[in-house]
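Let us walk through this model one piece at a time.

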Amino acid sequence: MNNSITENSKKRYLPHDINTRKYAVEMYRNCGDIDYVCRKYHISRVSLWRWNKAYNGIKGE
């Protein structure tokens with residue numbers, strides 16, 4: 001039996017919305033508490049560092 005439909009819907013990683021990335025980076029830059037931001041947005045430190053490095057204040061990048 002072919003379960004390709006159910007297999008495709010079971011993703012391990014769900015990309016975060018651009019707004020989530022923007023708000024997480026802004027919160028990190030304002031408060032400086034990386035552990036708090038990671039817990040609040042359910043992200044890893046590496047993701048936040050990567051987003052912080054790439055974000056320059058323009059929505060959509």
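His 42 sits in the loop between α3 and α4. Helices here are DSSP runs of H or I with at least four residues, strands are runs of E with at least two, and both are numbered from the N terminus. His 42 is exposed, with a relative accessible area of 68%. Exposed means over 50% relative accessible area, buried means under 20%, and partly exposed lies in between, using a 1.4 Å probe and protein chains only. The phi of His 42 is positive, about 55 degrees, although the residue is not a glycine. It comes just after α3.

A word on the source: this is a predicted model, where local features need pLDDT of at least 70 and side-chain atom pairs count only at pLDDT 80 or more, while totals for chains, interfaces and linings use all residues. Residues are numbered from 1 along each chain as its sequence is written, and side-chain values use heavy atoms, with hydrogens and water left out.

Now step back to the whole chain. The protein chain has four helices and zero strands. From the N terminus on, its elements run α-α-α-α. Of its 61 residues, 20% are buried. Take the contacts between residues at least 6 apart in sequence: 39% of them join residues at least 24 apart. A contact means heavy atoms within 4.5 Å.

Next comes helix α2. It covers residues 18–31, which is 14 residues. At 1.5 Å a residue the helix should span 20 Å, and its end C-alpha atoms are 20 Å apart, so the two agree. The expected span is 1.5 Å times one less than the number of residues. Which residues of α2 are buried? They are Lys 22, Ala 24 and Val 25. Seen down the axis of α2, these buried residues fall within an arc of 165 degrees, so they line one face of the helix. The arc is taken from the directions that run from the helix axis to the C-beta atoms. Their cover includes α3 (34–41) and α4 (45–54).

Both ends of α2 have something to show. After α2 comes Gly 32, with a positive phi near 80 degrees.

Tyr 23 also belongs to α2. Tyr 23 is partly exposed, with a relative accessible area of 44%. Tyr 23 and Val 37 are 14 residues apart in sequence, and their C-alpha atoms are 9.6 Å apart in space.

Val 37 leads us to α3. Ile 34, Val 37, Cys 38 and Tyr 41 are buried in this helix. Down the axis of α3, its buried residues fall within an arc of 100 degrees, so they line one face of the helix. Their cover includes α2 and α4. What lies over the face of Tyr 41? Lys 40 does, at 5.8 Å from the ring centre. A charge sits over a ring if NZ of Lys or CZ of Arg is within 6 Å of the ring centre and within 35 degrees of the ring normal.

Arg 50 is partly exposed, with a relative accessible area of 46%. Arg 50 and Val 25 are 25 residues apart along the chain, yet their C-alpha atoms are separated by 9.7 Å.
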